[in-house]
Structures are given as C-alpha cells and as structure tokens.
Amino acid sequence: MADTQHATPLIVLIEDEPQIRRFVRAALEAEQYAVAEAETGTQGLMDVGTRRPDLLIVDLGLPDMDGIDVIQDIRSWSNLPILILSARTSEAHKVKALDVGADDYLTKPFGIPELLARVRALLRRSARAHTDDLPVVRFGEVEVNPLQRTVTRNGEAVHLTAIEYRLLMQLITNAERVMTHSTLIREVWGPHHADKIHYLRVYMSNLRHKLEADPNAPRYILTASGVGYRLVLA
Ligand code: CA
C-alpha cells in the first residue's frame, strides 16, 4: 500500500524502451503527476522501495528480469496499484501478471487518453481503499448496500442469487481492476472449478441483465476481452 498519498501523485515507470518512457512521462507530467523512470526491473524495485510511489507502471518485457517477478516481489509487501504494459503478442503473459497481482493493463501501442483513464481509475480506487469499510456503492442506477446485502436499481429491489451476489461483490471490492476469469472463478466457486469459464459467462450475463440499462452494451460491468471483467464505477 502506498503509505502516504503524495500531494502530487508519484508514479514509478519501469520500461526499457526510451521512446515509450518519453511518451508516457510527457503524458503523465502534462497531467501534473510526478514520474520516476527506471530502465530495469532491479532499478525499478529499488525505486518503489525507497520512493513509495502512488502507482507503478511496469513493462512486462524487461532486459534483466521478467515484469511478473517484479510484480510478485512488490506484492509480497505492498498493495500499490500496478498497471502493466504488454505487447499484443503476449496475452498469456498479461493474464499471468494480472493473476499475480497487477491491477490493470495497457496493450502496446496505446493512446494517451487510455493511459490517463487507467491511471486515474487506479488512483481513485486506491484512494477509496484507504477510507472505505464497504459503504454503499453506486454505479449508474444501481445501489448496493453490503451491510444490508441489498441491491436496488432505480430504487426498486433487485433479486440476485447467492452466486450473482458473490460475483458482484468481487467486482465491487476490486472496482476499476481487471479481474481475470481464473481469479473470479476461484473467488466465487472455489479452487476446483478452474474450467468453469462458461458458468462465469452465464452469471455475468445475468448480472448485466439485472443491473445494466442495456445488457448488450454494458457501461459498468465491462469485458476485458480474452482476459476477464472490470467494474467501472465512474
Ligand atoms: Ca520491453
């Protein structure tokens, strides 16, 4: 966890390609974030340890170590939000990185608006994680009260099955993060159902029908294609 929220959010960027470092740094600094750059995993780990940034952006293909090992190392002592950069060809690598604790990803090449949207969402999520004990959560016309275990849409009670509710709570407690298929299945159905992706699809579709204005064009319960799902609150 970022122990202190810096007045100007500090972002550590671990990326070995100089053009991408320049591009990302310029975009972030234009939005008043402070950026510390590292070219290698080793340097990046040191920077995260000493500077305690608010967010880490890490490329998965680094010259001295695998980005996945960087994430695993950091996750052993910190909940800092982690955004990964991955090449389009390394889908499995990206899913693995999310499974070991990365929060979100960008596939190269990516645009500045997408980068900034992801950064804002992750910083929002971590600011909330500091303060919340699961208060009432709202998205669109939906209101979820975890204490009372009630869900309403446009003020009308929505009935969710136990599994649907568990799934929704997984998305809510991890809002703004990409949750991989395997993580969601493990958390909702337990460790012995890794092959149940089709269950997940069915229950996600049910949730969308109950909670989204247009279940075929969801605005909140989003698909991360080939990877998993993400709940967006704002
Ligand atoms: Ca690289």
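E176 is buried, with a relative accessible area of 2%; here buried means under 20% relative accessible area, exposed over 50% and partly exposed in between, for a 1.4 Å probe and protein chains only. The model is a predicted one, in which local features need pLDDT of at least 70 and side-chain atom pairs count only at pLDDT 80 or more, while totals for chains, interfaces and linings use all residues. Residues are numbered from 1 along each chain as its sequence is written, and side-chain values use heavy atoms, with hydrogens and water left out.

E176 sits in the loop between α6 and β10. Helices (H or I, at least four residues) and strands (E, at least two) are DSSP runs, numbered from the N terminus. The phi of E176 is near 80°, a positive value in a residue other than glycine. E176 also takes part in a contact with R124, whose partners, leaving aside neighbours within four places in sequence, are E176 and A234. Contact means heavy atoms within 4.5 Å. R124 itself belongs to helix α5 (residues 112–131) and counts as partly exposed at 33% relative accessibility. Between the C-alpha atoms of R124 and P135, eleven residues apart along the chain, the separation is 15 Å.

Other backbone features are worth a look on the model. R149 has a positive phi of about 55° although it is not a glycine. This residue is found in the loop between β7 (142–145) and β8 (150–153), and R149 is exposed, with a relative accessible area of 57%. A cis peptide bond runs from K108 to P109, with omega near -5°, and P109 lies in the loop between β5 (104–108) and α5.

D16 lies in the loop between β1 (10–14) and α1 (18–30) and D59 in strand β3 (residues 55–59), so the pair ties together parts that are 43 residues apart in sequence.

Leaving aside neighbours within four places in sequence, V35 is in contact with L10, I11, L13, R25, L28 and E29. The C-alpha atoms of V35 and L10 are separated by 5.8 Å, although the two residues are 25 apart along the chain.

Two packed helices are described by the angle between their axes and the distance between the axes. Axes are lines fitted to C-alpha atoms, for helices over the stretch in contact, and angles run from 0 to 180 degrees between N-to-C directions. The axes of helix α2 (residues 41–51) and helix α3 (residues 67–75) come within 10 Å and cross at roughly 20°. That makes α2 roughly parallel to α3; angles under 35 degrees count as roughly parallel, over 145 as roughly antiparallel, 65 to 115 as roughly perpendicular and the rest as oblique. At this contact, G41, L45 and V48 in α2 meet V70, D73 and I74 in α3. These residues divide into four nonpolar, one polar and one charged, where Ala, Val, Leu, Ile, Met, Phe, Trp, Tyr, Cys and Pro count as nonpolar, Asp, Glu, Lys and Arg as charged, and the others, Gly among them, as polar.

In the pair α6 and α8, the helices pack at an angle of about 85°, with their axes 10 Å apart. That makes α6 roughly perpendicular to α8. From α6, I163, E164, L167, L168 and L171 meet L200, Y203, M204, N206, L207, K210 and L211 in α8. By class, this contact has nine nonpolar, one polar and two charged residues.

Both α6 (162–173) and α8 (197–211) are also among the elements that the buried residues of α7 pack against, together with α4 (91–99), β10 (179–180) and β12 (228–231). In helix α7 (residues 181–189), the buried residues are H181, T183, L184, I185, V188 and W189. Just after α7, G190 takes a positive phi of about 100°.
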